[in-house]
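Work through the exercises below with the sequence and the model in view. Each task is followed by a solution in steps.

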Amino acid sequence: MKQLSRRSFLASSVKAVLFGAYAVKGSAFAQSTSWSNWSGGQTCQPAGRYDIGSEEELTSLLRNTLGPIRPIGSGHSFSPLVPTDGHLVVIDQLSGILDSDPDTMQVTLGAGSRLGDLGPQLDAIGQGMINLPDIDRQTVAGAIATGTHGTGVTLQALSSFITSLRLVTSTGSVMDIDATDGDLFHAARVNVGALGIVTQVKMQNREAYKLKKREWAAPTEDILANFDELAASHRHFEIFPLVYSDYSLVLSIDETDEPIGQIDLQPEPSDDASIAESLGLTSNPTPAERRRISNATASRIQATEAVDVSYKLLSNVRNSRFNEMEYSVPAEVGAECLREILRTIYEQEIDVLFPLEYRYVSGDDNWLSMSYGDHPHATISIHRTASEDYRPYFDIIEPIFWKYGGRPHWGKVHSLTHRELTQLYPHFKDFMEIRRSLDPQGRMLNPHLRALFNG
Ligand SMILES: Cc1cc2nc3c(=O)[nH]c(=O)nc-3n(C[C@H](O)[C@H](O)[C@H](O)COP(=O)(O)OP(=O)(O)OC[C@H]3O[C@@H](n4cnc5c(N)ncnc54)[C@H](O)[C@@H]3O)c2cc1C
């Protein structure tokens, strides 16, 4: 049987050509176009798209136009945050490091910067980002808008590294917001793209560092029994529980001074069909057959190790397109919630092979953060290959998240409405008030956001 590494299940690349060739550098001229997100699950036919060349251009545009607008990043959200029949606003040209301070380890960045592009630029000035999500193709503005997070029980979501940000409101007012602004700051760091257009941010980094990544497979119950200790003893620790299996793929990442060393990557099956082939699954196996084959395969997975600069190891490349649902639950009920999801997939014979993802994130004070609060949260993700209808699978699993008090990731699929969200986020109504005061006409709302915020 073929040897598998953890990456064989998971790695894939994100080379989304999201917009074709219609961007006009340096011009905010509105072009008519169509838009699709990374997975293809969200599309729209906006009236036009403004490619913003400067902050002045943006303020002038907002002061001199009317009608709905939606800022877009790199289109890596699965939920309908962007679709509009109004105008899209693209700030790709507002990118890169604008200023840096070697004493505080802070940089001012154009908010259209891609996380992945920042790695080498920060490294060149001796800095590294404190954490990164699973991929690094997102823009800074897009990542903070949805509360994007990485892994690490002591590490907060990316928004918490933002010490100030510049927001251009729907009427063209420019606001520089930091901790001295109190509530506004707590609202603006996870803003769902509903408060205005973020043009630049100041980000807290640390000195550049190297990491050692270890990947192996282990029985899920053995890991869950010690998850808190394992999460506390590694800078990053997470598992990818294999469905129809007693095993998980396990990942730990820690700081190191060891020399850089690369692993040999094998061919990378990463959608359901290629995972099935790797597992040697025949057509229509029973759940018990799947479990037997998956266990046998997982027990053969060899541990791999790699040492590299932080930004090269924290994020991955995802080749196969998928749709995703992710909820956070309080860490103390995380394992129970995960077990119920795995059991449900098995018992209901849901035809999926994508592993789940289970990680801890530190609590924070950003009002709409899925990890808002002073305790760690477990985040649990389920995935479905983009070519398949994700609804039936996600519809079965989503109520399990609700049962454990789950809060949805804003950038991922969920079906919660205004009513439930006000219960789950203690400051949801406060956020709505700030949103209304900054955008009384609701220019920044699309149908999805209007429903969420009762706008
Ligand atoms: C393969 C894959 C892996 C992922 N892994 C993770 C992960 O590990 N952890 C995690 O938490 N999430 C993860 N995500 C989700 C992703 O990080 C978020 O959905 C993120 O918001 C996408 O950023 P983007 O730049 O593509 O923004 P978009 O998806 O384009 O937009 C997201 C939101 O940001 C708003 N926005 C964009 N630009 C601005 C601006 N200038 N001002 C104000 N608002 C703006 C938009 O209006 C929208 O509401 C993953 C997604 C994919 C596809």
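The model is predicted: local features need pLDDT of at least 70, side-chain atom pairs count only at pLDDT 80 or more, and totals for chains, interfaces and linings use all residues. Residues are numbered from 1 along each chain as its sequence is written, and side-chain values use heavy atoms, with hydrogens and water left out.

**Exercise 1.** Describe the largest nonpolar core.

Solution. Such a core is a set of buried Ala, Val, Leu, Ile, Met, Phe, Trp, Tyr and Cys residues joined through side-chain atoms within 4.5 Å. Buried means under 20% relative accessible area, exposed over 50%, and partly exposed in between (1.4 Å probe, protein chains only). The largest core has 118 residues, and Ile341, Ile345, Tyr358 and Phe453 have the most contacts inside it. Its largest share, seven residues, comes from helix α11 (residues 331–347). Helices (H or I, at least four residues) and strands (E, at least two) are DSSP runs, numbered from the N terminus. A second, separate core has six residues, among them Trp35 and Cys44.

**Exercise 2.** Classify the aromatic pair of Tyr244 and Tyr346, and locate both residues.

Solution. Rings of Phe, Tyr and Trp (its six-membered ring) pair if their centres lie within 6.5 Å; planes under 30 degrees apart count as stacked, over 60 as edge-to-face and the rest as tilted. The structure holds 18 aromatic pairs. For Tyr244 and Tyr346 the centres are 5.9 Å apart and the planes at 45°, so this pair is tilted. Tyr244 lies in the loop between β14 (236–241) and β15 (247–256) and Tyr346 in helix α11, so the pair ties together parts 102 residues apart in sequence. Tyr244 counts as buried because its relative accessibility is 4%. Tyr346, at 23%, counts as partly exposed.

**Exercise 3.** Which angle do the planes of Phe322 and Phe354 make?

Solution. The angle is 65°, with 5.5 Å centre to centre, and the pair is edge-to-face. Phe322 is in strand β17 (residues 322–330) and Phe354 in the loop between α11 and β18 (357–361), 32 residues apart. Phe322 and Phe354 are both buried.
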